[in-house]
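Here are my notes for you to read alongside the model. Have the viewer open and click through the residues as you go.

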Amino acid sequence: MEMWKHIVWCSNINLTLVKSGTDDIPDFDLGLRQTLLQPGEKEYFIQLIRDFGKEGTICYVNDYFDVEYSVVPIPKEEPYGDFVILGPYRDGYLDQVQLNELMERKAIPRSYVNELKEYYNAVPILNNMDQWREMCRTMTRVLYQEKMHIREEYVTLTGLISEYQFETAKDVLSFRMIEERYAVEADMLKAISSGNTEEAVKAFNLMGKYKVDNRYKDPVRNLRNRLVIANTVCRKAAEAGGVHPAHIDALSVEMSKRIETISRRQEYDRFIEEILRKYCMLVRNYSLRGCSPVIQKVVNHINLNLTDDLSLKRMAEEYSVNSSYLSTLFKKEMSVTYSDYVNQQRIRQAVKLLNSTNMQIQDVASESGIYDANYFRKLFKKIIGMTPTEYVRQVKSYPKNAGPLN
């Protein structure tokens, strides 16, 4: 069952285990029935599933609300429950016109339009239904340990037993889903501001179940618009993480330029994750959250003025502190000596230039604030593990489609 949970989590599909002998039936439908319908509708759905369910049979249920569920009875010897419900999901988006038609066809009161809109925005979209059903077959075979032939049945639910609730129930579902969406977004921002790439990507994947309305008729413009929003949100998260605006702006501008080159959904999916990773890396490399004001000023001065005189004495004079005190405080808060930090940042700049330009090594050294070529080579080898020439040779021989060197 753990494999099931992992696979459906990757698809943002809800997994609900139903056990007999319990009065509390979980909200397998994102809370739709409990919000819109009178009591008893959830129980009615579950009883229908029990009637249809047979061991070794996957039942694909097309619900009254034009969504689908995959239902699989659990072998009797397993302790998980009676059966598992995967869903709801759809094979395509439901736009406003289609929603209006559905509400009219199903005689759903117009007062519930916001509820239904949020509901369908939260229903995952499966772009390849054949692939999903093959996955269900594979998971069911594993569940039954290949002991029986796996069958499939298709069921359509055409009616309800209860009436819609009164106006007092209106907006409950939409409010809850909006709250959930904002909570997941807050988790993502918190992860970015902490530089936690794994948690940021995890939260973003959860965000995938909450779709937003398209603002433009052009689908490409809609993709780019979402990327612009993501870039802006990540930028604010990095700022909350204690990164100087100059670093944030440099990355934001780079991302903004690339956004205008995105034209396909596959490119969007890859690029949105790259945005998350780069902002998390930015926070890890440049966050000064928790540092004293003087150290924040000194570190930002270093990072933004690598070609200047960055001696400890010069910085102490610039910020009116004792040089010995500055040295001690810097080591305490940055966990590295002042001179080592300056050297690391200059070599980091050199690596960027060697990766992205065809500049001569002497010019790279100067642009990084090191004006003695021999000293630059020694320092580069000490920090990177190879000479600048060896590094350039490795960069040029590295496969273009393998990604950048760290």
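**Notes on the model**

1. Let's start with a proline. Pro88 sits in strand β4, which covers residues 83-89. Keep in mind throughout that you are looking at a predicted model. The peptide bond leading from Gly87 into Pro88 is cis, and its omega is near 5°. Most peptide bonds are trans, and most residues other than glycine have a negative phi.

2. Which loop holds Leu30? Look between β1 (15-18) and α2 (32-36), and you'll find Leu30 there.

3. Now for helix packing. Two packed helices are described by the angle between their axes and by how far apart those axes are. Take helix α4 (residues 96-105) and helix α5 (residues 113-122): they pack at about 120°, and their axes are 11 Å apart. That angle is why α4 and α5 count as oblique to each other. Their crossing is right-handed.

4. Who touches whom in that pair? On the α4 side you have Gln96, Leu99, Leu102 and Met103, and these meet Val113, Leu116, Lys117 and Tyr120 of α5. Sorted by class, the contact of α4 with α5 has six nonpolar residues, one polar and one charged.

5. The next pair is helix α8 (residues 197-207) with α11, packed at an angle of about 150° with axes 9 Å apart. Is this pair roughly parallel or roughly antiparallel? Angles over 145 degrees count as roughly antiparallel, so that is the label for α8 and α11. The crossing of α8 and α11 is right-handed.

6. For the contact itself, α8 brings Thr197, Ala200, Val201 and Phe204, while α11 brings Ile272, Glu273, Leu276, Arg277, Cys280 and Arg284. By class, that makes six nonpolar, one polar and three charged residues in the contact of α8 with α11.

7. How many cavities of 30 Å³ or more turn up in a search of the whole structure? The search finds one. The largest cavity has a volume of about 40 Å³. Its lining is made of Arg33, Glu41, Tyr44, Phe45, Leu48, Asp63, Tyr64, Leu157, Gly159 and Leu160. Helix α3 (residues 41-52) gives the largest share of that lining, with four residues. The classes are six nonpolar, one polar and three charged.

8. Finally, have a look at the second largest pocket, which holds about 1400 Å³ of space. It is lined by 36 residues, and the ones closest to its centre are Lys278, Met281, Asn285, Arg348 and Lys352. Which helix gives the most to this lining? That would be α15, with eleven residues. The helices that each supply at least two lining residues are α10 (245-259), α11 (265-286), α15 (338-356) and α17 (373-384).

Definitions and conventions:
Residues are numbered from 1 along each chain as its sequence is written. This is a predicted model: local features need pLDDT of at least 70, side-chain atom pairs count only at pLDDT 80 or more; totals for chains, interfaces and linings use all residues. Side-chain values use heavy atoms; hydrogens and water are left out. On a 1 Å grid over the protein atoms alone, a cavity is a set of points where a 1.4 Å probe fits but cannot get out, and a pocket is an open set with protein on both sides within 12 Å along at least five of seven lines; lining residues have an atom within 4 Å of a point. Grid points are joined across faces, edges and corners, and a volume is the space filled by probe spheres set on the points. Axes are lines fitted to C-alpha atoms, for helices over the stretch in contact, and angles run from 0 to 180 degrees between N-to-C directions. Angles under 35 degrees count as roughly parallel, over 145 as roughly antiparallel, 65 to 115 as roughly perpendicular and the rest as oblique. A crossing is left-handed if the near helix is turned anticlockwise from the far one by less than a right angle, and right-handed if clockwise. Contact means heavy atoms within 4.5 Å. Ala, Val, Leu, Ile, Met, Phe, Trp, Tyr, Cys and Pro count as nonpolar, Asp, Glu, Lys and Arg as charged, and the others, Gly among them, as polar.
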